[in-house]
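Thanks for coming, everyone. Have a look at the model on the screen while I get going.

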Amino acid sequence: MKPNPNDRAPLKGPRLGVEIAGVHFKNPVMTASGTFGYGLEFARYMDLNAIGGIVVKGLSMKPIPGNPPPRVYETASGMLNAIGWQNIGAAEFVEEKLPGLRDYDTNVIVNIVGFELEEYLEVARFLNDHPGIHALELNISCPNVGKGGFHFNKDPRDTHRITAEVRKASPRLPLWVKLSPNVTDIREFARAAEEAGADALSVINTLVGMAIDVRSRRPRLRFRTGGLSGPAIKPVALRMVWETCQAVRIPVIGIGGISTTEDALEFLIAGARAVQVGTANFYEPAASERIALGLAEYCRSHRIDDIHEIIGSLKDYE
Amino acid sequence: MLDKKVKIKAVRDLGAGNHLIVIASPEQARLVRPGQFVMLKCVENTGENPLLRRPFTIFNIHRNARSGKPAGVELLVKEVGVGTRRLVSARPGQTLDCLGPQGHGFQLPSDLPSRVTTACLVAGGVGIAPLLLLAESLLALRVKPILFYGGGTVADLVLREPFERLGIDIITSTEDGSHGERGLVTEPLAQFLRIHPRKDIRLYACGPWGMMRAVHELAVGHDLQCEVSLEARMGCGLGACLGCVVASPAAEGRPYLRVCQDGPVMNSRLVRWDIEPV
């Protein structure tokens, strides 16, 4: 067959587009939930059109006040947070934030949270009907709330159950499930979510950690423990993404300490279909744009026509 | 507001771990309103530790010696940890990431419905940082600023000269009696409010949590309005991470306010003083 000249347009540069559950992403770089607000906060610091998608701050049906401060503390190459799901609620998001986000040529993924199963289903049903949302990311892995979400990531059977129920509650939207690293074997949870109908997996959420002020002998966070994020967790995240990619057939989105183009490449080589940039957004608001541009530049300089030549290309020793 | 690579122009040692850092950034300097801050990376490379930028109140606008036009900002930095230690050891000419000016500054009497003739500016140590630009703005509005400036010892009372040059009343106090009255800064303030039982006084405070809480209580006791410039550990400084919140009694359905966006300056009645954010 003669190659279609439009398929290979060398002047247009490398093809960075990926598909996740039937949704096209112009490139595999997104921003991670909780690190990018509702997206619009960053519009004056970067070009939101330059990235494949924005995963907005976890939303519940009703607003959640969050935890009392202090909520954040910087640690070696990372940070601890215990925000506690503070959010404006799905209705206000759809009313106040989503119209502004729809002005940008990027995909909007809504991370959903809840304390009880029924709350997850309520917000999933509500968002299912709203245009401008490209996928739901089911957050069952936040370590910073007293009950609820986290509970569904303690036993693969619970992960299966909530995934299947949310799947039914929002039939129109692709469902991603964000997994916790605070488990013995993440592959069991990955398989449970896949079997229950998840379209993709986001791997990983934060690792539970702690810091203490030796002067006052109090924890640095009022919640006592918090989620560790940033470059400190990248090797753990990469290992878990690689393991998950071996265990399931659905796409895996790599998350955990990604702050450079090279970091993103590592996750893609390990098998991730796309990546999310998290904590780096805090200290470099345009980090995700820089990484997306960096991937294009990497492909150009290495004569790679399509990002799929990188995805899952991990080599073994002889 | 803007995210810029800026150059350090000078680092001046003020003693007792305090430094005045001058940053060259005309574009950002032109936008500053009293009480705003910048998020400054403490080391040259964006990806280097410490990762998170640190918030610093803008002490003054640095002006071009010849033209008088804004050329940069002056920041008062006290060494308290890893980030500030790296920052104060930076050399002139070094480049840093600087986001700002950020946040909600002071409400000036010109924006207020009620008449204000006198402003009590209350500072504890490096809490002096937001008050110089405020004092200048107040003078321009013909409001009389009085500075109550307290510290542990005389070395904590940094940067008094720019206030002296404004010719305003300055009442100092130190806990060890090495300068001004012996005791806490709130004592001369309480005395002043006792002998001037007027309604056209407004309070502005910045300092340790306990000091601001005491000033707030005096304001409530005298039925006066008080604004406080708050401090918190911040993740992003642009309203996204929700890490820097302070608990609030007044905000219905919003029990937490972001210091970086809703503050750093807030009416003291919007703050729950029983939950310290740091």
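**A sheet and its helices in chain B**

Let's start with one pair: Val122(B) has Phe148(B) as its bridge partner, and that partner sits in strand 8 of chain B. Before I go on, this is a predicted model, where local features need pLDDT of at least 70, side-chain atom pairs count only at pLDDT 80 or more, and totals for chains, interfaces and linings use all residues. Residues are numbered from 1 along each chain as its sequence is written, chains are lettered from A and ligands numbered from 1 in the order in which they are written, and side-chain values use heavy atoms, leaving out hydrogens and water.

The bridge I mentioned belongs to strand 7 (residues 118-124) and strand 8 (residues 144-151) of chain B, which pair in the parallel sense over seven bridges. Pairing requires at least two DSSP bridges between two strands; helices (H or I, at least four residues) and strands (E, at least two) are DSSP runs, numbered from the N terminus.

Zooming out, these strands are part of an open sheet of seven in chain B, with the order 10-9-8-7-11-12-15 and mixed pairing. At the edges are strand 10 (181-182) and strand 15 (265-267) of chain B, each pairing on one side only.

Which strands does helix 3 of chain B touch as it packs on the sheet? Helix 3 (residues 131-140) touches strand 7, strand 8 and strand 11 (201-206) of chain B, and its direction makes about 170 degrees with that of strand 7. Contact here means heavy atoms within 4.5 Å, and angles, from 0 to 180 degrees, are taken between N-to-C directions of axes fitted to C-alpha atoms, for helices over the stretch in contact.

Helix 5 (residues 186-195) of chain B also packs on the sheet, touching strands 7, 8, 9 (169-174), 10 and 11 of chain B, at about 165 degrees to strand 7.

Back to helix 3 of chain B: seven of its ten residues are buried, where buried is under 20% relative accessible area, exposed is over 50%, and partly exposed is in between (1.4 Å probe, protein chains only). Among the buried ones are Leu131(B), Leu134(B) and Ser137(B). Their cover includes strand 4 (54-63) and helix 4 (161-166) of chain B. Just after helix 3, Arg142(B) takes a positive phi of about 60 degrees.

**Two helices side by side**

The axes of helix 5 and helix 6 (residues 209-221) of chain B come within 11 Å and cross at roughly 10 degrees. So helix 5 of chain B is roughly parallel to helix 6 of chain B (under 35 degrees; over 145 is roughly antiparallel, 65 to 115 roughly perpendicular, the rest oblique).

Helix 5 of chain B brings Thr186(B), Leu189(B), Ala190(B) and Leu193(B) to the contact, and helix 6 of chain B brings Met211(B), Ala214(B), Val215(B) and Leu218(B). That gives seven nonpolar residues, one polar and no charged, with Ala, Val, Leu, Ile, Met, Phe, Trp, Tyr, Cys and Pro as nonpolar, Asp, Glu, Lys and Arg as charged, and the others, Gly among them, as polar.

One more residue in helix 6 of chain B: His216(B). Is His216(B) buried or exposed? Its relative accessibility is 11%, so His216(B) counts as buried. Beyond its neighbours within four places in sequence, His216(B) is in contact with Cys226(B), Ser268(B), Arg269(B) and Trp273(B). Its C-alpha is 8.2 Å from that of Val228(B), twelve residues apart along the chain.
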